[in-house]
Every structure is written in C-alpha cells, then in structure tokens.
Amino acid sequence: MSSEKNKQAAAEAALTLIETGDVVGVGTGSTANFFIDGLAKVKGKIDGAVASSKASAERLKQHGIEVLSLNDAGQLRIYVDGADESTRHLHLIKGGGGALTQEKIVAQASDQFICIADASKLVDRLGTFPLPIEVIPMAQSVVARSIVKLGGQPSLRSGYTTDNGNIILDAKNLDILDPVEMETLINQIPGVVTVGIFAHRGANKLLLAGDNGVEILTV
Ligand code: 5RP
C-alpha cells in the first residue's frame, strides 16, 4: 500500500476511538487531514474540535465542524495527530508542518494523545528527520549558536512564519540519545518557543499503518 493509503488507514483507526460528546483535539499535517475528513462523517456525534493550527481549523470549518478555542473547551479527552518520527517508547519528533507549539499545547491539555502514522515513521532513534525548533525571530542567531554547541546543524526554514509569528530552525545531526533530556536542554535556551521533541509528553498510543494493517503500540 502507498504511504498515503497507510496514513488514511491510521486516521480511520483513530476514528473508532472517538466517543459521543467528545470535543476532539485535532493535529496538523497530511495524516491529520485524513482524520479531519473522516471526522466529518461522524460530526453529529461530537461536540466540536480544538485545532492545533489555522490550516486544520479551516479544514474543520469547511466540513461544518465547530472549532472551539482551547480556553473554552478546557481539558480534552482525546487528541489525534501525526508525527515525523516515533520510537517504540512513543517519543516523537513533530513540527514538519510547523505547528509544533500549538500541537504541544493541545497534547498537554488532553488525557489521551493518539498518534497516527504510516509505518515509515517508526524509528529506533529520533533525529534522522531534522528537528524543528520554533524560535522568536530576534533570537535566531543566539539559538542557532546554542544548537551548534549541542552538535547540531541548524538551518532557517526559508520563507516560513508560524501561526504564532515566529521562525523555525530545522536542526540536523543532533544525537538524540535521551529524548527527555534533549527536549529539556533545548527548551531552556532563551528564545526557543518550542522544540519538536515530544518526550516529556509523548503519545499514549501509536496507530501505525503498514501493508499488513494497523498495529497499535502503547507505553
Ligand atoms: C505538523 C506535524 C505533523 O504531524 C508531522 O509533520 C507529520 O506530518 P504528515 O502527517 O504530513 O506526515 O508535526 O507540525
């Protein structure tokens, strides 16, 4: 099966976890888009959604799904989102689509983070995918120098501004042996808004779709 078909299969598996009356936390990206399109078919069952990006909010609204602010919605039961990489410990790299900050906020506000992905996203160790870091624009150089000191090679995502008005540095070659420690280290650099390692709050379940179906990984 193509990776697009697998993304769709993972998204459809997540739809079976949606319960009547849920306000659903919704991620960003091509896998999350399959989930949004599926959610449209069960929209009568849910009380709305909280989006992790302007793009996802727009897609939800186009399907006639009410989009609530996280402040109005409060704690969510379930958040569904894709990832750029996941380990078997369900530590993730996210932010390929640039929405990492709001994704981390909605994940933090949710009881269950269900990650949906095609099988190519499973890795033994994080870091082949360049690590996205959202940075306040004036801090670009100072943060970049700090990333170099950690052994990384940061580059500016050119022509891109996040929904929060910031820039993204994509860092190659970081040795992410301990994802929790690396997340803490990078988050402590002044000017960093969010690092795209989701380890302190990783996923609760990974629905991983491959050619033999959808495997469910939990921690
Ligand atoms: C967006 C993300 C996405 O979840 C991640 O980039 C995966 O995207 P896709 O589902 O298109 O492969 O973190 O910020």
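Predicted model: local features only at pLDDT ≥ 70, side-chain atom pairs only at ≥ 80, totals over all residues.
**Helices H1 and H2**

Begin by selecting residues 3–15, helix H1, together with residues 30–41, helix H2. Their axes come within 8 Å and cross at roughly 50°. An angle under 35 degrees would count as roughly parallel and one of 65 to 115 as roughly perpendicular; H1 and H2 are therefore oblique to each other. The crossing in which H1 passes H2 is right-handed. To display the contact, show Glu4, Lys7, Gln8, Ala11, Ala14 and Leu15 on H1, then Ser30, Thr31, Phe34, Phe35, Gly38 and Leu39 on H2. By class, the residues of this contact are 6 nonpolar, 4 polar and 2 charged.

**Strands S1 and S2**

Next select residues 23–26, strand S1, which runs parallel to S2 and is joined to it by 4 bridges. Valine 23 is placed opposite glycine 48 of S2. Now take S2 itself, residues 48–51. In a regular strand, side chains alternate between the two faces of the sheet. In S2 both faces are covered: Gly48 and Val50 are buried on one side, Ala49 and Ala51 on the other.

Move to residues 167–172, strand S9. Of its 6 residues, 5 are buried, so S9 is largely enclosed by the rest of the structure. Glutamine 153 lies opposite lysine 172 of S9.

Key. Residues numbered from 1 in each chain as written. Heavy atoms only, no water. Axes fitted to C-alpha atoms, helices over the stretch in contact; angles between N-to-C directions. Helix = DSSP H or I, 4+ residues; strand = E, 2+ residues; numbered from the N terminus. Parallel < 35°, antiparallel > 145°, perpendicular 65-115°, else oblique. Left-handed = near helix turned anticlockwise from the far one by under 90°. Contact = heavy atoms within 4.5 Å. Nonpolar A, V, L, I, M, F, W, Y, C, P; charged D, E, K, R; others polar. Buried < 20%, exposed > 50% of the residue type's maximum accessible area, 1.4 Å probe, protein only. Pairing = 2+ DSSP bridges.
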